Amino acid sequence: MKLATLKDGSRDGQLVVVSKDLTSYVSAASIAANLQTALDNWAETSVKLQALSDELNNAQATNAQEFDQSQCMPPLPRSYQWADGSAYVNHVELVRKARGAELPDSFWTDPLMYQGGSDDFIGPREDIPLASDEWGVDFEAEIAVITDDVPMSSTPEDCKNHIKLLMLVNDCSLRGLIPGELAKGFGFFQSKPASAFSPVCITPDELGDAWDGEKVNLPLLSTLNGDAFGKPEAGVDMTFTFPKLVSHICKTRNVGAGSIIGSGTVSNKMNGGPGKPVSEGGVGYSCIAEIRMIETIENGEPSTPFMKFGDTIKIEMNDKNGQSIFGTIEQTMVKN
């Protein structure tokens with residue numbers, strides 16, 4: 001099933017069930033006031049939500065309305081936890097090279113992860129507000145999962161059953177602020193502004209055979225200012241699967257229902273080395289930092305600029321028939 005949260009004037013919005021083709025929806029208010037409430041009681045609410053989804057998709061819902069993605073808040077407008085990993089180590093290696101940092105061998109066996117702000121997410125069609133466009137503003141196209149309650153010390157195999165929903169993410173980074181923050185030895189904060197999520201989140205079964213219980217085997221599409229920027233295969237070069245990422249965060253603690261765990265920037269290699277831009281026949285990139293690193297390797301300096309005010313980023317994923325799965329993240333960067 002597909003779920004969304006519509007604007008209704010409240011902080012947590014109205015939970016709705018969306019049709020498979022993203023054209024219509026029905027309110028789920030009689031089942032749960034919002035998505036967090038549904039996740040808190042997922043064993044019970046998921047059955048009722050699925051029944052409502054079946055009615056909608058079988059044209060049996062009498063109160064269906066037209067679905068407008070611009071009216072969506074993030075599926076979870078605020079979350080108890082947003083932890084973002086770097087499952088695609090190729091990306092980590094490239095961006096670290098860009099700032100002259102070596103990649104420790106442990107990064108290939110132990111996931112890199114940061115805990116981001118989860119109190120103020122941005123909607124999928126809302127602007128990216130920033131005070132300056134001189135901070136090296138970069139988009140990062142990712143996939144995320146949402147869990148139910150996950151007990152401490154759960155294994156990756158255990159964690160497969162705790163992944164309840166998936167969605168897309170634009171996890172913006174301020175590349176110009178990152179080196180100074182990391183030099184303090186205490187991680188990101190100011191360099192990671194509010195993240196945006198896709199209009200719709202889905203249960204894994206919506207992906208069919210594109211979901212193997214561990215990763216999504218489809219291209220993630222990014223379009224910058226109307227030009228194709230990236231289409232890497234999300235199921236390729238994923239060093240750490242979603243169950244491994246979930247297991248990583250619950251090694252020393254319980255993980256509460258409604259926790260969001262991101263994949264990090266989706267990134268592919270090409271013939272064992274860095275990929276090529278879409279314009280040159282490659283699969284491109286899911287962030288600007290990667291192409292700048294390739295340009296530096298090839299030409300001695302980067303030529304692709306980071307985002308400026310007025311730039312627009314679009315992130316989406318289609319099924320094998322070209323049908324949008326999660327709806328579209330489409331944001332313009334504006335001066336706050």
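**Figure 1. Lys192 lies over the face of Phe188, 5.6 Å from the ring centre.** A charge is placed over a ring when NZ of Lys or CZ of Arg is within 6 Å of the ring centre and within 35 degrees of the ring normal. The model is predicted, with local features requiring pLDDT of at least 70 and side-chain atom pairs pLDDT 80 or more, while totals for chains, interfaces and linings use all residues. Residues are numbered from 1 along each chain as its sequence is written, and side-chain values use heavy atoms, without hydrogens and water. Phe188 belongs to the loop between helix 5 (178-183) and strand 13 (196-197); helices (H or I, at least four residues) and strands (E, at least two) are DSSP runs numbered from the N terminus. Phe188 counts as partly exposed because its relative accessibility is 27%, given that buried means under 20% relative accessible area, exposed over 50% and partly exposed in between (1.4 Å probe, protein chains only).

**Figure 2. The second largest pocket holds about 300 Å³ of space.** Its lining comprises 15 residues, of which Gly117, Phe189, Lys192, Pro193 and Ala194 are the closest to the centre. By class, the lining residues are six nonpolar, six polar and three charged. Here Ala, Val, Leu, Ile, Met, Phe, Trp, Tyr, Cys and Pro are nonpolar, Asp, Glu, Lys and Arg are charged, and the others, Gly among them, are polar. A pocket is an open set of points on a 1 Å grid over the protein atoms alone, where a 1.4 Å probe fits, with protein on both sides within 12 Å along at least five of seven lines; lining residues have an atom within 4 Å of a point. The volume is the space filled by probe spheres set on the points. Ala194 occupies the loop between helix 5 and strand 13 and, at 27% relative accessibility, counts as partly exposed. Ala194 and Ser118 stand 76 residues apart in sequence, with their C-alpha atoms 7.9 Å apart in space.

**Figure 3. Tyr25 and Phe67 illustrate the aromatic pairs, of which the structure holds seven.** With ring centres 6.5 Å apart and planes at 70 degrees, Tyr25 and Phe67 are edge-to-face. Rings of Phe, Tyr and Trp (its six-membered ring) pair if their centres lie within 6.5 Å; planes under 30 degrees apart are stacked, over 60 edge-to-face and the rest tilted. The pair joins distant parts of the chain, 42 residues apart: Tyr25 lies in strand 3 (residues 24-27), Phe67 in the loop between strand 4 (65-66) and strand 5 (72-73). Tyr25 is buried at 10% relative accessibility, and Phe67 is buried at 7%.

**Figure 4. Tyr114 and Phe188 form an edge-to-face pair.** Their ring centres are 5.1 Å apart and their planes stand at 80 degrees. This pair also links distant parts of the chain, since Tyr114 in strand 7 (residues 113-115) and Phe188 are 74 residues apart. Tyr114 is buried, with a relative accessible area of 13%. Elsewhere, Trp82, Phe121 and Phe197 form one aromatic cluster.

**Figure 5. Helix 7 (residues 288-299) is followed by Gly300.** Its twelve residues reach 16 Å from the first C-alpha to the last, close to the 16 Å expected at 1.5 Å a residue; the expected span is 1.5 Å times one less than the number of residues. The buried residues of helix 7 are Ile288, Ala289, Glu290, Ile291, Met293, Ile294 and Glu295. Gly300 has a positive phi, near 90 degrees.

**Figure 6. Asn225 and Asp237 have positive phi although neither is a glycine.** Most residues other than glycine have a negative phi. The phi of Asn225 is about 50 degrees, and this residue sits in the loop between strand 15 (221-224) and strand 16 (227-230). The phi of Asp237 is near 65 degrees; Asp237 lies in the loop between strand 16 and helix 6 (242-249). Asn225 counts as partly exposed at 41% relative accessibility, and Asp237 counts as partly exposed at 32%.

**Figure 7. Phe326 lies in the loop between strand 20 (312-316) and strand 21 (329-335).** Phe326 is buried, with a relative accessible area of 0%. The C-alpha atoms of Phe326 and Asn225 are separated by 20 Å, and the two residues are 101 apart along the chain.

**Figure 8. Arg78 lies in the loop between strand 5 and strand 6 (82-85).** Arg78 is partly exposed, with a relative accessible area of 37%. Arg78 and Arg253 are 175 residues apart in sequence and 21 Å apart in space, C-alpha to C-alpha.
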